[in-house]
Structures are given as structure tokens and as C-alpha cells.
Amino acid sequence: MAKVFEQVGLGALQPANRLVRSATWEGMCSADGRPTKKLVDYYTELARGGVGLIVSGYAYVSPEGKQMPGKMGMHDDALAKDHIRLTQAVHEAGGLVVVQLVHAGGQTDSDKAGQRPVAPSALELEQYPELPQELSKERISELISAFAKAAAREIG
Ligand SMILES: Cc1cc2nc3c(=O)[nH]c(=O)nc-3n(C[C@H](O)[C@H](O)[C@H](O)COP(=O)(O)O)c2cc1C
């Protein structure tokens, strides 16, 4: 039990303990994917409460990969200052934060994605009845790059 409260090495990260808040969509980002003050306050509270590492709710790497309202974006350098604000606040509260990168593929709808959803195959799913548009190989390569760019984005 005592180990839970011991520092642990996770690659380059050194969380203060082994308590991890699993990825949980909060719906607290602006329509264009920026973390809001509400989300900053929420993560700060988690860190102050003793969570060593927070995994963000899923963050889309490309706008049409957005699945839920208020979802975090990680698709554009223009969002950096908002992510830096979030990260710094968590660090000051003694925690660490990592971002979960996703693309919703066909598991979204035109309203959230801003266009007809895209997927590797044009297959309808029971929970997501809008028929997605099949991705070209070129577009799949671009989305792979979008993941790499989002992971390499410098946010603090
Ligand atoms: C409201 C809500 C939002 C969630 N959002 C995400 C998410 O963004 N990414 C993810 O991988 N899992 C998400 N999950 C799953 C949780 O991270 C977790 O794996 C799940 O709740 C099971 O954990 P538990 O058994 O401790 O409840 C979400 C769960 C809930 C209840």
C-alpha cells in the first residue's frame, strides 16, 4: 500500500506518486478545442488533491476527429498558450499531466466533426448511424502525421 505514495519513474516523467487519473472527457474545452479556465481549475484541484499524474480527456489531432462537445484539441500550434497555462497550473499544484491523442474516425457525426465523418472503411455502426466517408491512403498518411505532429507539439 505504501508504494502507492512513492515516486515512480515513467520514462522521462517522475510523478510524485502512483495515483493516475485515467483519461476522462470533461467537456470543458472551447468549441475550437482550447482548455478553459474551468478545466484548468479542475485539473489543479486534482493535482492539489494528490493525483500524481493526470491523463487528459481525449484530444483530437485533426478537427474532423472530434467526437464530443467541449473536447480538447491538439491539432494546431495556435492552442499552445492555452495548453501551457493548463500544464503550468498542474505543475504548480504538484502534479503532472499527459494528453491522450485520438481521432474519432467514424465514431462521431457531422455536427461534432464539422463535416461527414471519415473512417478507413465506409461502414455504418449501430451507435454511430451516419455512414462515414472512406479515407484515401493519402489522407490516412496525413492523419498518421497529424498524430506525430500533435505528439511533438511543444506545450510547456
Ligand atoms: C465521463 C467519462 C468520460 C471518459 N472519457 C474517456 C476518454 O476521454 N478516454 C478514455 O480512454 N477513456 C475515457 N473514459 C474511461 C475512463 O478513463 C475509465 O477507463 C473508465 O471509467 C473505467 O474506469 P473505472 O473502472 O475506474 O470507472 C471515460 C469514462 C467516463 C465515465
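I call a residue buried if 20 or more other C-beta atoms lie within 10 Å of its own, exposed if 12 or fewer do, and partly exposed in between, with C-beta atoms placed from the backbone. By that count, 31% of the 156 residues of the protein chain are buried. I noted that the model is predicted: local features need pLDDT of at least 70, side-chain atom pairs count only at pLDDT 80 or more, and totals for chains, interfaces and linings use all residues. Residues are numbered from 1 along each chain as its sequence is written.

Next, the layout. I found 4 helices and 6 strands in the protein chain (DSSP runs numbered from the N terminus: helices are H or I, at least four residues; strands are E, at least two). From the N terminus, the order reads β-α-β-β-α-β-α-β-β-α. The C-alpha atoms fill a box of roughly 50 × 30 × 30 Å along the principal axes.

Then the core. A nonpolar core is a set of buried Ala, Val, Leu, Ile, Met, Phe, Trp, Tyr and Cys residues joined through C-beta atoms within 7 Å. The largest one has 21 residues, and Tyr 43 and Ile 54 are among those with the most contacts inside it. Helix 1 (37-48), strand 2 (53-60), helix 2 (80-92) and strand 4 (96-102) each give two or more residues to this core. Strand 2 gives the most, with 5 residues.

Beyond its neighbours within four places in sequence, Tyr 43 is in contact (C-beta atoms, placed from the backbone, within 7 Å) with Ile 54, Leu 86, Ala 89, Val 90 and Val 97.

Last, helix 4. Of its 16 residues, 1 is buried, so helix 4 is hardly covered.

Definitions and conventions: Two residues are in contact if their C-beta atoms, placed from the backbone, lie within 7 Å.
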